[in-house]
Amino acid sequence: MKQATFAKMILMLTAAAALWAQAPPQNPQTPPAGAPAARGGRGAGGGGAYPQRPPADPAVLERGKALYGVHCNFCHGSDARGGEGGPNLLRSDMVLNDQSGERIAPVVQGGKGEMPKLELNNNQISDIATYIHSFRVGGYDISRMVPPSILVGDAKAGEAAFKAKCASCHSATGDLKGLGTRIPDAKLLQNGFLMPGGGGRGGGRGGRGPSFNVPPTTVTVTPASGPKVEGRLVRIDDFLVTLSEADGGQRSFRRDGDLPKVEIHDPLQPHKDLLPTYTDKQIHDLTAYLVTLK
Ligand code: HEC
Ligand code: HEC
């Protein structure tokens, strides 16, 4: 009896020692055990040492690709090497050291500098991370697969998508008449309709993308006593909301749970709500259609 327990303990200790010996060193750039041996080296693109990763599940990649296409592509570029307003992600230390979205998630969910926060959950971000990380695995380099023009869509299908998704607020012969003339660059036009004003709060004055006159986000605060106060939203967190009134003066209200009542009116909310509903094809079709609005 005693003997058997002792033998078990030895076995467990040996197993633990073996695990210890196998545990990957603390260097995050080292591939996890079981990853394929450096196939294709650093990938055809050269550049930074993007860590090798085990091949990803195609279903996850597919989901990540779709999410990336809708939420990240228009700023970070279809190859994640930077684009309109977003830096190269493949050269980002944060992305290099990310395993499955845990480092990317706080940026996406909280925003960073000019990058707006996006409403994506951890699973979605993990799928996106898998997709971004796949760019260098096995030498697969998506930048080679970028179509020469983004005008690959079908304008007819785009017109149908416009009727379904946009016509409740816009008109091709009204407010959006001449859009294709105003913004001849298809890529800028695409960024512009996806997130007019570049997604930041600055209404496009950031110098990125076409400068649409997007009205500012406003807020209505209803204190427990006293009249409603309305103004342009300056900042809000769990504890404080600050607005600037028509005369330029700023007022702050301490927040305590649901009090005071705070209603935010973001003119771009419809566009934010639309983002996750597009397919890649719809985006291209819509762009192909919108450039024809002369
Ligand atoms: C509206 C443009 C825009 C969109 C959309 C956008 N980003 Fe960004 N992103 C930026 C900008 C600008 C920065 C640089 C922020 C800074 O450092 O001030 C950035 C920074 C980042 C960083 C940090 C890089 C580093 O090393 O600091 C990560 C990670 C990132 N973005 C991932 C994503 C992902 C993933 C998505 C899609 C879910 C996304 N971004 C969507 C504009 C955008
Ligand atoms: C629920 C309403 C709503 C829907 C649906 C909507 N938008 Fe918008 N859109 C807005 C608002 C509000 C603005 C802010 C600027 C403004 O008032 O023109 C805006 C701005 C724009 C701008 C910049 C316009 C300019 O000249 O300043 C473009 C381009 C645009 N939307 C295209 C689209 C397209 C394409 C779709 C469909 C895929 C769409 N929108 C769906 C409400 C909507």
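Colleague: How many of the 11 residues of helix H11 are buried?
Modeller: Nine of them, so to speak, are under cover: H11 (residues 280-290) is mostly covered. A residue is buried if 20 or more other C-beta atoms lie within 10 Å of its own, exposed if 12 or fewer, and partly exposed in between; C-beta atoms are placed from the backbone. Helices (H or I, at least four residues) and strands (E, at least two) are DSSP runs, numbered from the N terminus.

Colleague: And the model itself?
Modeller: This is a predicted model: local features need pLDDT of at least 70, side-chain atom pairs count only at pLDDT 80 or more, and totals for chains, interfaces and linings use all residues. Residues are numbered from 1 along each chain as its sequence is written, while chains are lettered from A and ligands numbered from 1 in the order in which they are written.

Colleague: Back to H11. Which helices do its buried residues pack against?
Modeller: Helix H7 (155-165), helix H8 (179-182) and helix H9 (186-194). The buried residues of H11 include His284, Leu286 and Tyr289.

Colleague: Which residues of H7 are buried?
Modeller: Gly158, Ala161 and Phe162. Down the axis of H7, these fall within an arc of 105 degrees, so they line one face of the helix. The arc is that of the directions from the helix axis to the C-beta atoms. H11 is part of what covers them. Lys156, Lys163 and Ala164, on the other side of H7, are exposed.

Colleague: What about the whole chain: how many helices and strands?
Modeller: There are 11 helices and five strands. Of the 294 residues, 24% count as buried.

Colleague: What else pairs with E1?
Modeller: Strand E2 (residues 229-236), antiparallel, over four bridges. Six residues lie between the strands in that hairpin, and glycine 226 takes a positive phi near 100 degrees there. E2 also pairs with strand E3 (residues 240-244), antiparallel, over four bridges. The hairpin from E2 to E3 runs through three residues.

Colleague: Is the peptide bond from leucine 259 to proline 260 cis or trans?
Modeller: That bond is cis, with omega near -15 degrees. Proline 260 sits in the loop between strand E4 (250-254) and E5. Most peptide bonds are trans.

Colleague: Now the ligand. How many residues surround ligand 1?
Modeller: The shell has 26 residues, with Cys72, Cys75, Ser92, Gly113 and Met115 the closest. A residue is near a molecule if its C-beta atom, placed from the backbone, lies within 6 Å of it. Helix H3 (73-76), helix H4 (93-96) and helix H5 (104-110) each supply at least two residues.

Colleague: Which domains does the shell draw on?
Modeller: At least three residues come from each of domain 1 (58-145) and domain 2 (155-210 + 272-290). The domain bounds come from an automatic or database domain assignment.

Colleague: Where does glycine 86 sit?
Modeller: In the loop between H3 and H4. Glycine 86 is partly exposed, with 18 other C-beta atoms within 10 Å. Not counting residues up to four places away in sequence, glycine 86 touches Cys75, His76 and Met115. Contact means C-beta atoms, placed from the backbone, within 7 Å.

Key:
Two residues are in contact if their C-beta atoms, placed from the backbone, lie within 7 Å. Two strands pair if DSSP finds at least two bridges between them.
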